[in-house]
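Subject: Handover of a structure

Dear colleague,

I am passing on to you the structure shown below. Please look through it first; a description of what was found follows.

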Amino acid sequence: MIERLLEGVVSQRGITDAWLVEKDGFVIYSKESPNSQPANQAVQDWLSLAHNASDAQTVTLVQEQGFVLLRTLRIGVLILKAQRATNLGALRLALDKLSEDEGKMDA
């Protein structure tokens, strides 16, 4: 069910990695390219940034090789790694739709 919910986001062109992490740090979904597991400290830093943002806000970190996007959902924090050529506008729209779809599941 989680895979189906996230499909519209993680299948976006340019997404290399995705993790859905519960508030306690447990990874409940991952899609990774080979050898891409981030350091534990990086994940903790990303989670802290996501928790400081409002629920409907996407935090975008610009890195040398691309972007890291963070979105807090009801079921956890979605962490996405994307290449530089990724269409961030389309990705943000897909994240907004994901938030809407997640809300419909609760109703």
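Let us begin with a turn. β1 and β2 make a hairpin in which 5 residues lie between the two strands, and Gly25 in the turn has a positive phi of about 95°. Please keep in mind throughout that this is a predicted model.

How many strands form the open sheet, and in what order do they stand? There are 5, in the order β2-β1-β5-β4-β3, and their pairing is antiparallel. β2 and β3 (58-63) are at the edges and have a single partner strand each, so one side of each has no neighbour in the sheet. On average, neighbouring strands of this sheet are turned by 15° against each other, if direction is ignored.

Two helices lie across these strands. α1 lies across β1, β2 and β5, and runs at about 45° to β2. Helix α2, residues 40-52, lies across β1, β3, β4 and β5, and its angle to β5 is about 115°.

I turn next to the interior. In soluble globular proteins, nonpolar side chains tend to be buried together. In this model the largest nonpolar core has 19 residues, and those with the most contacts inside it are Val9, Leu69, Leu78, Leu80, Leu91, Leu95 and Leu98. Two or more residues of this core come from each of α1 (2-10), β1 (15-21), β4 (66-73), β5 (76-83) and α3 (88-106). Which element gives the most to this core? It is α3, with 5 residues.

Leaving aside residues up to four places away in sequence, Val9 touches Ile15, Leu78, Leu80, Leu91, Ala94, Leu95 and Leu98. Apart from this core lies another, of 12 residues, among them Trp19, Val21, Ala53 and Val59.

Yours sincerely,
A colleague

Conventions. Residues are numbered from 1 along each chain as its sequence is written. This is a predicted model: local features need pLDDT of at least 70, side-chain atom pairs count only at pLDDT 80 or more; totals for chains, interfaces and linings use all residues. Side-chain values use heavy atoms; hydrogens and water are left out. A nonpolar core is a set of buried Ala, Val, Leu, Ile, Met, Phe, Trp, Tyr and Cys residues joined through side-chain atoms within 4.5 Å. Buried means under 20% relative accessible area, exposed over 50%, partly exposed in between (1.4 Å probe, protein chains only). Helices (H or I, at least four residues) and strands (E, at least two) are DSSP runs, numbered from the N terminus. Contact means heavy atoms within 4.5 Å. Two strands pair if DSSP finds at least two bridges between them. Axes are lines fitted to C-alpha atoms, for helices over the stretch in contact, and angles run from 0 to 180 degrees between N-to-C directions.
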